[in-house]
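The sequence and structure are shown first.

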Amino acid sequence: MNNEKTWLKSFVFYETLPETETNAIEGRIDLQQIKEEILIKDAKYYICGPAVFIKVQYQSLVGLGVSRENILYEEFGPQLLSLN
């Protein structure tokens with residue numbers, strides 16, 4: 001019995017590809033490279049990360065024709081930590 005989830009695909013990007021990595025894409029995340037896989041009619045897109053990351057990915061999705069109301073995000077990062 002094959003339990004592989006064919007409905008789910010993940011993409012790993014490394015700015016500098018480690019020598020041992022064979023299933024990743026070298027460079028920063030570029031949604032244009034994987035648009036055929038990620039553009040799904042009426043899909044919702046969730047972006048989590050620091051503000052700069054969210055802004056870049058948000059604009060990339062909009063540029064690919066994704067409706068703004070289908071893009072959701074949650075900001076997090078060290079700049080949110082305040083202990084004093």
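One aromatic pair is present in this predicted model. It is formed by Tyr 58 and Tyr 73, whose ring centres are 6.3 Å apart; the planes stand at 90°, so the pair is edge-to-face, given that angles over 60 degrees fall in that class. Tyr 58 belongs to helix H2 (residues 51–63) and Tyr 73 to strand E4 (residues 71–75), so the pair ties together parts 15 residues apart in sequence.

The table lists them with Asn 70, a residue of the loop between H2 and E4.

| Residue | Relative accessible area | Class |
|---|---|---|
| Asn 70 | 16% | buried |

Asn 70 counts as buried because its 16% relative accessible area is under the 20% cut-off. Apart from neighbours within four places in sequence, Asn 70 contacts Ala 43, Lys 44 and Tyr 45.

The largest nonpolar core comprises 13 residues, and Leu 31, Ile 38, Ile 47, Leu 61 and Ile 71 have the most contacts inside it. Strand E3 (45–49) and H2 each contribute at least two residues to this core; H2 gives the most, with three residues. In soluble globular proteins, nonpolar side chains tend to be buried together.

Ile 71, one of the residues with the most contacts inside the core, touches Tyr 45, Ile 47, Tyr 58, Leu 61, Val 62 and Val 66, when residues up to four places away in sequence are not counted. Tyr 58 of the aromatic pair is thus also among the contacts of Ile 71.

Methods. Residues numbered from 1 in each chain as written. Predicted model: local features only at pLDDT ≥ 70, side-chain atom pairs only at ≥ 80, totals over all residues. Heavy atoms only, no water. Phe/Tyr/Trp six-rings, centres within 6.5 Å; stacked < 30°, edge-to-face > 60°. Helix = DSSP H or I, 4+ residues; strand = E, 2+ residues; numbered from the N terminus. Buried < 20%, exposed > 50% of the residue type's maximum accessible area, 1.4 Å probe, protein only. Contact = heavy atoms within 4.5 Å. Core = buried A, V, L, I, M, F, W, Y, C linked by side-chain atoms within 4.5 Å.
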